[in-house]
Amino acid sequence: MSLRKVHTAESIIEIAHLRNVLEGAGIACFVRNERLAGVLGEIPFVECWPELWVVRNGDALQARGLIDAARDAEVPAGADWQCERCGEWVGGQFDECWRCAPGEP
Ligand SMILES: [Zn+2]
């Protein structure tokens, strides 16, 4: 076995969600520090953060890809975005800025 840590997060909820994603893809994984999460004590804070590990080293790359995709998906679709050229806020249903978009002379 070759264990690989693929993600660390402050939130055990996020880690549990990502574990479900990996298990759904058939990747064997487990969580470390699950029970320590939220325990206040003398352990440095970051060392308490729950960690997601894969059991097989060869799964690490795919696992990271799935994690990235899962975390991106948490950004709500259709969120407003800000135009880089004029700073205008544009509704998420539009692909381009209504102020900068070519069209009307
Ligand atoms: Zn614009």
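Student: Hi! How much of the chain do buried residues make up?
Tutor: Hello! This is a predicted model, and in it buried residues account for 26% of the chain's 105 residues.

Student: And what does the secondary structure come to?
Tutor: The chain has two helices and five strands. Going along the sequence, they are arranged as β-α-β-β-α-β-β.

Student: Okay, now the metal. Which residues coordinate the zinc ion?
Tutor: Four cysteines do, through their SG atoms: Cys 83, Cys 86, Cys 97 and Cys 100, at 2.2 to 2.4 Å. Along the chain, these donors have the spacing C-x2-C-x10-C-x2-C.

Student: Why is the arrangement around the zinc ion tetrahedral?
Tutor: Because the angles between the four donor atoms run from 103 to 115 degrees, and four donors count as tetrahedral if all angles lie between 85 and 135 degrees. For reference, the ideal angle for four tetrahedral donors is 109.5 degrees.

Student: Is Cys 83 buried or exposed?
Tutor: Cys 83 is buried, because its relative accessibility is 8% and the cut-off for buried is under 20%. Cys 86, at 29%, is partly exposed.

Student: Switching topics: where is Glu 51 found?
Tutor: Glu 51 sits in strand 3, which spans residues 51–54. With a relative accessibility of 11%, Glu 51 counts as buried too.

Student: So what does the side chain of Glu 51 make a polar contact with?
Tutor: With the side chain of Trp 53, at 3.0 Å. Leaving out residues up to four places away in sequence, Glu 51 also touches several others, including Lys 5, His 7, Phe 30 and Arg 32.

Terms used. Residues are numbered from 1 along each chain as its sequence is written. This is a predicted model: local features need pLDDT of at least 70, side-chain atom pairs count only at pLDDT 80 or more; totals for chains, interfaces and linings use all residues. Side-chain values use heavy atoms; hydrogens and water are left out. Donors are N, O and S atoms within 2.8 Å of the metal (3.2 Å for Na, K and Ca); water is not among the atoms, so sites may look incomplete. Four donors count as tetrahedral if all angles lie between 85 and 135 degrees; four count as square planar and six as octahedral if opposite donors are over 155 degrees apart and all others between 65 and 115; anything else is irregular. Buried means under 20% relative accessible area, exposed over 50%, partly exposed in between (1.4 Å probe, protein chains only). Helices (H or I, at least four residues) and strands (E, at least two) are DSSP runs, numbered from the N terminus. A polar contact is a pair of N or O atoms within 3.5 Å; within protein, one must be able to donate a hydrogen and the other to accept it, and residues adjacent in sequence count only if both atoms are side-chain atoms. Contact means heavy atoms within 4.5 Å.
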